[in-house]
Number of protein chains: 2
Amino acid sequence: MGSSVRRLLLGEPLPTAQETYHRLSKVQALAVFSSDALSSVAYATEEILLVLVLAGTGALQLSTPIALAIAALLAIVGRSYYQTIHGYPSGGGAYIVAYDNLGTWPGLIAAAALLIDYVLTVAVSATAGVAAITSAVPSLYVCRVELCVLAIAFIAWANLRGVRESGTVFAIPTYGFVVIFLILIGVGLIRVLTGNLTPVSTHMESVPEAGVQSLALLLVLRAFASGCTALTGIEAISNGIRAFQEPEAENAGKTLIAMVALLATMFLGITFLTRHLGVAPLEHETIVSQVGRQVFGRGPLYLILQAGTAAILILAANTSFADFPRLSSILARDRYLPRQLANLGDRLVFNNGIIGLALLASALVVLFGGQTHRLIPLYAVGVFLAFTLSQSGMVRHWFRVRGQGWQVKAVLNGMGAVATGIVLVVIVASKLVHGAWVVILLVPICVWFFHAIGRHYAAVAEQLSLEGLEPEEWGELSSSRRHKVVVPVSGIHRGTLPAMRFARSLSKDVTAVMVDVEAEVTASVREKWATWGHDIPLLVLESPYRSTIGPLLDYLRELDHQEADRGLAVVVLPEFVTASRWHSLLHNQTAQLVKRILVYQRGEAAKDRVIIDVPYHLRR
Amino acid sequence: MGSSVRRLLLGEPLPTAQETYHRLSKVQALAVFSSDALSSVAYATEEILLVLVLAGTGALQLSTPIALAIAALLAIVGRSYYQTIHGYPSGGGAYIVAYDNLGTWPGLIAAAALLIDYVLTVAVSATAGVAAITSAVPSLYVCRVELCVLAIAFIAWANLRGVRESGTVFAIPTYGFVVIFLILIGVGLIRVLTGNLTPVSTHMESVPEAGVQSLALLLVLRAFASGCTALTGIEAISNGIRAFQEPEAENAGKTLIAMVALLATMFLGITFLTRHLGVAPLEHETIVSQVGRQVFGRGPLYLILQAGTAAILILAANTSFADFPRLSSILARDRYLPRQLANLGDRLVFNNGIIGLALLASALVVLFGGQTHRLIPLYAVGVFLAFTLSQSGMVRHWFRVRGQGWQVKAVLNGMGAVATGIVLVVIVASKLVHGAWVVILLVPICVWFFHAIGRHYAAVAEQLSLEGLEPEEWGELSSSRRHKVVVPVSGIHRGTLPAMRFARSLSKDVTAVMVDVEAEVTASVREKWATWGHDIPLLVLESPYRSTIGPLLDYLRELDHQEADRGLAVVVLPEFVTASRWHSLLHNQTAQLVKRILVYQRGEAAKDRVIIDVPYHLRR
């Protein structure tokens with residue numbers, strides 16, 4: 001029944017042969033890979049203002065220079081990633097680039113940073129997407145946490161079914177959002193320039209100038225750091241180069257440029273409009289929604305804007321649902337995460353990674369009350385750590401690979417590394433106490449965890465290795481007739497006879513062992529043994545404390561020390577299997593317990609044992 | 001570690017040989033067996049008044065005739081049980097008497113009724129005991145539920161350690177309670193008769209006479225029914241006759257008479273005093289405590305009274321902790337309850353029964369807010385059902401056994417049966433809507449449950465029976481060399497070699513089977529097979545949906561249909577066992593899953609399979 005529910009929810013299993021790659025045109029690829037980056041314009045400006053407003057409304061005017069600085073950073077990082085795309089045309093995620101060029105530890109740090117940020121991307125995108133909805137429909141504000149979790153569950157479900165990254169499906173919301181957002185900025189700018197739109201009066205208490213001054217530098221840095229969330233997702237194209245049509249790197253590079261240009265335009269546009277309309281952050285309505293209402297009024301265009309914003313944010317979360325399982329499966333294949341994460345499910349997706357991501361992101365959303373601005377201090381730390389490692393790795397790469405004009409390339413990537421490194425320091429320093437410490441703590445924990453797992457798998461591989469063994473030696477056979485076979489019985493009946501017969505077919509040396517718990521039962525078994533025991537001797541073990549298992553284990557332990565020259569110690573367990581699982585509650589299940597103990601317990605004197613289960617199936 | 005904590009809490013295991021019976025003198029036996037019966041005087045009068053007070057304070061005077069009726073009932077039932085003791089000198093619990101004389105169904109009904117009432121005895125005694133404490137220390141009233149659960153946990157712990165029913169330990173609280181209670185009644189009566197003690201004014205609103213009249217009959221019956229809780233526990237001696245010194249039945253009979261006399265005296269005494277002092281029930285203080293305060297003042301005698309009351313109630317709960325596990329172990333031996341309940345633990349007590357009782361009683365206490373009067377409507381239904389069945393069984397017994405003066409005995413038991421039967425009807429009718437329906441519903445459910453379990457065990461016994469089998473046929477041996485042996489492998493390494501070698505020692509017909517999930521792995525195994533496979537052929541199974549288990553199960557199913565003349569189908573599973581349980585989380589554990597499926601799944605064409613586990617232990 002569980003299996004048919006599964007089919008209904010997730011669809012029929014897909015054969016491995018169906019795992020093909022659809023190549024994307026540039027227009028499709030932009031839609032597929034840019035949702036994460038572009039969607040950040042929905043909250044980046046607001047996060048800048050939320051910090052600045054702490055120093056009073058006067059400080060809000062700083063948003064323009066901060067936005068310009070971020071746009072400049074965007075250009076540098078974009079240029080740097082353009083290099084990466086050409087340097088790693090088969091896909092250059094931060095983990096691969098750092099691992100290849102800087103070594104294991106930087107690779108693992110980049111991986112940890114990325115995994116953490118994928119979780120945060122889902123949480124931030126879900127809360128921001130829900131905020132876009134609740135701005136338009138304020139009555140939904142009270143159940144925003146539930147809506148976020150629902151949204152995450154929906155995306156997880158879609159991914160478990162296996163949404164192929166189909167360019168067409170992604171194109172509608174992505175380009176829809178871009179178009180409505182550009183219309184917003186265009187119409188807004190025209191109306192501002194023609195004096196058609198007047199600033200709203202901000203209803204905020206003004207803070208004395210002295211207070212503002214003293215806080216200025218740290219606050220400006222924090223505002224800048226918060227705004228840097230606009231850069232998240234810019235690396236997406238460099239991970240997915242293989243999805244592009246040929247020439248892959250060429251097309252990917254051009255798409256990257258288009259994306260960076262769009263992102264910079266939209267981000268600067270909305271920040272500029274916000275300033276000129278004098279919009280300040282409110283608890284129940286996003287900045288974008290406020291700007292939209294003033295420019296469009298409460299008409300259909302406004303509703304399209306909010307719906308488009310929510311849709312692209314959902315798509316952005318969806319991107320992480322592709323990236324997180326993919327990266328964790330790569331780590332699992334490299335033996336730094338449990339193997340289960342490397343298993344392709346029957347719908348050709350990494351089920352465990354998808355479920356894990358959904359659970360982690362949902363936990364974050366609940367923990368932070370579904371509020372974007374409370375999650376932001378944790379965000380971007382991981383991304384910029386990965387950026388820095390990846391760009392540094394590229395510098396190293398050019399020094400090793402060389403080739404035409406490698407010096408220029410190294411300098412460009414170096415600029416990227418330095419810029420993102422500085423931003424990383426700024427982010428950590430300005431947001432440390434506001435939550436960044438969590439990430440700073442988590443990264444080394446994750447890395448230690450990866451390392452411990454890697455060490456365990458290496459130890460296992462070493463122990464299982466055939467090195468030092470001789471095939472000839474393993475070809476020699478001792479006869480099974482020399483094995484010492486023990487059959488624990490609790491009585492003599494149809495459930496035990498098959499086990500006894502199998503034991504006799506196995507070896508000449510068979511002993512049946514019975515633990516004497518109830519005197520009458522033992523006496524009755526002894527009596528029947530004359531008829532049914534055939535040539536197997538019955539050994540009755542005393543059990544002063546009425547334990548059925550203790551005396552048996554003691555006896556087996558003793559056996560291990562006897563007769564060094566015999567074959568293996570073999571335990572044949574008769575087990576009667578009830579017709580239903582419920583029935584099994586009515587039986588003592590000694591056989592199962594013995595089986596588990598014997599498998600897990602190493603024999604004494606380093607002797608391994610063989611455990612044989614002879615089931616007898618009850619029909620009722 | 002779990003085992004040493006267990007030792008610390010419960011003590012060293014005890015050998016079976018220590019299971020001896022201490023014979024009790026009459027004085028000791030009275031202490032051991034009467035706590036349940038005598039302790040009911042702590043609440044029975046109060047429960048009568050709590051019902052009468054609903055008709056106004058005027059109705060309280062009805063308590064005297066009601067108490068007299070209950071005393072008369074007590075005499076009849078006592079006389080009847082005196083007969084039972086002589087009819088069943090080896091112990092005549094209601095289950096045994098009803099089962100023996102009336103058949104399976106009445107026996108099971110009596111058993112269900114008794115088990116339910118044992119649980120209620122624990123709950124009622126614990127809440128009433130805690131009420132005695134909180135009456136003296138009112139500040140503890142708020143945490144009465146916690147105190148009740150703590151008390152139950154304490155008694156359960158003592159019983160898990162194995163408190164022997166030591167007469168000396170029981171004598172102090174029992175006789176202490178009897179003495180202080182008799183002093184209370186004696187001093188109280190003298191002071192009342194000498195006019196030294198005047199009634200308190202009752203602070204209750206008077207109800208119009210009309211209302212009282214219309215409710216009278218039903219209320220009086222309900223008050224009587226509530227007071228009948230005084231009879232609970234009277235059957236204890238008849239269950240424990242074998243603990244008496246010789247002549248057992250003689251001594252038990254005399255002890256029963258003494259107990260009934262004491263119970264009647266104490267119950268009538270406290271009821272009479274209560275009336276003459278004009279005491280009415282209060283929420284935070286028991287009747288006994290109010291009477292005690294007026295007779296003794298707030299001095300040491302009062303505190304001894306309260307402490308003694310609490311102590312005997314705890315002992316009363318303790319009685320159920322001996323009876324419930326004992327009855328359920330008898331039922332388990334008769335195959336009407338799961339076998340686990342028949343297991344003597346390593347401290348010679350029925351652990352599972354004790355733990356089950358503690359959990360059920362605690363749940364009741366929590367559910368009913370630790371208030372005695374809310375539990376009372378459920379109480380006594382089971383006891384009187386068991387009384388009626390047991391006395392009816394005795395009538396039948398005398399008709400069958402006959403012997404000297406059997407007609408008189410039959411009449412006396414018949415009177416008991418009729419009296420308790422009528423009371424049962426009164427209790428059910430008057431308390432049905434107040435909670436008795438729960439018990440009325442539970443009894444048939446329990447009986448159905450017993451019956452279903454009994455049927456299952458009978459079916460198993462029949463299926464396991466050797467009837468119809470020929471010992472000679474089972475003596476014939478087919479050689480193990482004819483078994484069809486399958487070794488599922490996921491690779492070739494030190495973990496799989498021992499299983500392959502064992503399989504080769506077992507049979508000539510061995511096939512290694514590998515499921516092709518990853519093409520590279522399969523290719524590498526094929527390559528190594530030339531060196532390490534020796535004479536075992538490797539069969540690679542396709543897995544279009546990447547399942548490792550599905551294709552293997554399909555293959556085995558196919559095998560079942562082949563070669564009718566070969567030996568058994570044997571699956572040899574190589575299983576590497578990690579050094580720690582945590583490590584096992586990092587592996588797919590396919591062997592374990594396959595093992596479980598193969599054991600539980602019946603082979604096709606009714607062919608049983610043998611599953612062999614060859615563990616390879618990792619050291620790190």
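Between chain B and chain A, 30 residue pairs are in polar contact, both residues at pLDDT 80 or more. The count of salt bridges between chain B and chain A is zero. This is a predicted model, and a search of the whole structure finds 16 salt bridges over all chains.

**Where chain B meets chain A**

- In this interface, 84 residues of chain B are in contact with 84 residues of chain A.
- The two chains, B and A, bury about 7,900 Å² between them, with 58% of it on carbon and sulfur atoms.
- On the chain B side, the most area is lost to chain A by Gln463(B), Trp474(B) and Arg546(B), together 10% of what that side buries.
- Elements of chain B that give two or more residues to the side touching chain A include helix 17 (406-464), helix 20 (519-532), strand 4 (569-577) and strand 5 (609-617).
- Strand 5 of chain B gives the most to that side, with nine residues.
- The residues on the side of chain B that touches chain A divide into 39 nonpolar, 23 polar and 22 charged.

**Salt bridges in chain B**

- Asp560(B) and Arg609(B) form a salt bridge, with their closest N and O atoms 2.8 Å apart.
- This pair links distant parts of the chain, 49 residues apart: Asp560(B) belongs to helix 21 (residues 550-560) of chain B and Arg609(B) to strand 5 of chain B.
- Both Asp560(B) and Arg609(B) are buried.
- Another salt bridge joins the side chains of Arg326(B) and Asp323(B) (3.4 Å, N to O).
- Arg326(B) and Asp323(B) sit in helix 13 (residues 300-333) of chain B, three residues apart, or about one turn of the helix.
- Arg326(B) counts as partly exposed at 31% relative accessibility, whereas Asp323(B) is buried, with a relative accessible area of 11%.

**Salt bridges in chain A**

- Asp509(A) and Lys484(A) meet through their side chains in a salt bridge (3.3 Å, N to O).
- The two residues come from distant parts of the chain, 25 residues apart, with Asp509(A) in strand 2 (residues 509-516) and Lys484(A) in strand 1 (residues 484-489) of chain A.
- Lys484(A) counts as buried at 9% relative accessibility, while Asp509(A) is partly exposed, with a relative accessible area of 24%.

**Helix 6 of chain A**

- Helix 6 (residues 104-136) of chain A has 33 residues and should span 48 Å at 1.5 Å a residue, which agrees with its end C-alpha atoms being 48 Å apart.
- Of the 33 residues of helix 6 of chain A, 29 are buried, so the helix is largely enclosed by the rest of the structure.

Notes. Residues are numbered from 1 along each chain as its sequence is written. Chains are lettered from A and ligands numbered from 1 in the order in which they are written. This is a predicted model: local features need pLDDT of at least 70, side-chain atom pairs count only at pLDDT 80 or more; totals for chains, interfaces and linings use all residues. Side-chain values use heavy atoms; hydrogens and water are left out. Helices (H or I, at least four residues) and strands (E, at least two) are DSSP runs, numbered from the N terminus. The expected span of a helix is 1.5 Å times one less than its number of residues. Buried means under 20% relative accessible area, exposed over 50%, partly exposed in between (1.4 Å probe, protein chains only). Contact means heavy atoms within 4.5 Å. Buried area is the accessible area (1.4 Å probe) that two parts lose on being put together, summed over both. A salt bridge is a side-chain nitrogen of Lys or Arg within 4 Å of a carboxyl oxygen of Asp or Glu. A polar contact is a pair of N or O atoms within 3.5 Å; within protein, one must be able to donate a hydrogen and the other to accept it, and residues adjacent in sequence count only if both atoms are side-chain atoms. Ala, Val, Leu, Ile, Met, Phe, Trp, Tyr, Cys and Pro count as nonpolar, Asp, Glu, Lys and Arg as charged, and the others, Gly among them, as polar.
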